[in-house]
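Reader: I am new to this structure and would like to know what stands behind the words used for it. Could you take me through them?

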Amino acid sequence: MQYQVTQELSLIHISQEELKKRLTPMQYQVTQELSLIHISQEELKKRLTPMQYQVTQERGTESAFTGEFTHHKDEGSYTCVVCGAVLFSSKTKFDSGSGWPSFYDLVKEESVALTDDFSYGMHRVETTCSQCGAHLGHLFDDGPKPTGKRYCINSASLGFQAKDAASTSGSASGAEGGAASSSVSDGKTEL
Ligand SMILES: [Zn+2]
């Protein structure tokens with residue numbers, strides 16, 4: 001985990017100051033302002049499996065029931081395989097029977113971008129990672145309550161952080177401090 005966080009994320013970090021020197025204003029605007037993180041395609045071909053590359057960069061789709069996370073039930077967070085952004089929680093994962101990992105909600109509304117997709121003679125809503133633009137899958141309106149949404153996501157677009165390994169992120173609110181609140185109601189000692 002330490003290696004992944006310190007080394008793999010650092011590979012894709014390019015200083016904005018350097019880019020402003022190297023690129024023309026138009027190049028900078030197009031490549032940087034549409035996506036927060038720009039990752040070279042050459043580097044991605046090395047880092048990702050062929051399937052991960054095809055799905056996230058060429059908007060491919062893995063075959064149903066072949067992905068590693070379709071029937072994955074561990075507790076934790078699903079991340080973008082390209083940039084590591086947290087996208088989905090195991091708490092909102094459900095078995096849709098579609099053959100792809102399915103979620104009825106996002107961890108953060110702004111983490112996934114939605115665009116109309118008219119390919120294959122259908123109108124679908126494509127989902128991409130807001131941070132790096134990786135193709136994730138599609139969003140349908142036939143999911144379970146409470147949202148009614150079904151995020152149908154390729155396993156090849158996802159990484160996974162087990163719940164136990166997530167403690168380094170520092171975002172675990174309430175997990176340790178939750179028990180302390182029960183003593184507050186007994187306020188007699190405060191006189
Ligand atoms: Zn991403």
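Author: Gladly! Let us begin with burial: a residue is buried if 20 or more other C-beta atoms lie within 10 Å of its own, exposed if 12 or fewer, and partly exposed in between, with C-beta atoms placed from the backbone. Please keep in mind that this is a predicted model, where local features need pLDDT of at least 70, side-chain atom pairs count only at pLDDT 80 or more, and totals for chains, interfaces and linings use all residues. Residues are numbered from 1 along each chain as its sequence is written.

Reader: Why is V112 called buried?

Author: V112 has 23 other C-beta atoms within 10 Å, so it counts as buried. In the protein chain, 23% of the 191 residues count as buried.

Reader: Which residues does V112 touch?

Author: Two residues are in contact if their C-beta atoms, placed from the backbone, lie within 7 Å. Leaving out residues up to four places away in sequence, V112 touches L87, L106, T127, C129, S130 and L136.

Reader: Where does V112 lie among the elements?

Author: V112 is in strand β5. Helices (H or I, at least four residues) and strands (E, at least two) are DSSP runs, numbered from the N terminus. The protein chain has 5 helices and 9 strands.

Reader: What makes β5 and β6 a pair?

Author: Two strands pair if DSSP finds at least two bridges between them. Strands β5 and β6 (residues 124–129) are joined by 6 bridges and run antiparallel, so by that definition they pair. Within this pair, D116 stands opposite V125 in β6. The two strands form a hairpin with 6 residues between them, and Y120 in the turn has a positive phi of about 60°.

Reader: Why is β5 called an edge strand?

Author: The open sheet of 6 strands has the order β3-β4-β8-β7-β6-β5, with antiparallel pairing. Its edge strands, β3 (93–94) and β5 (112–117), each pair on one side only. Further along, β4 (residues 102–103) and β8 (residues 150–153) pair in the antiparallel sense over 2 bridges, and Y151 is the bridge partner of F103.

Reader: What makes a group of residues a nonpolar core?

Author: A nonpolar core is a set of buried Ala, Val, Leu, Ile, Met, Phe, Trp, Tyr and Cys residues joined through C-beta atoms within 7 Å. The largest one here has 21 residues, of which C80, V82, L87, C129 and I153 touch the most other members. The elements giving two or more residues to this core are β1 (76–80), β2 (86–89), β7 (135–140) and β8.
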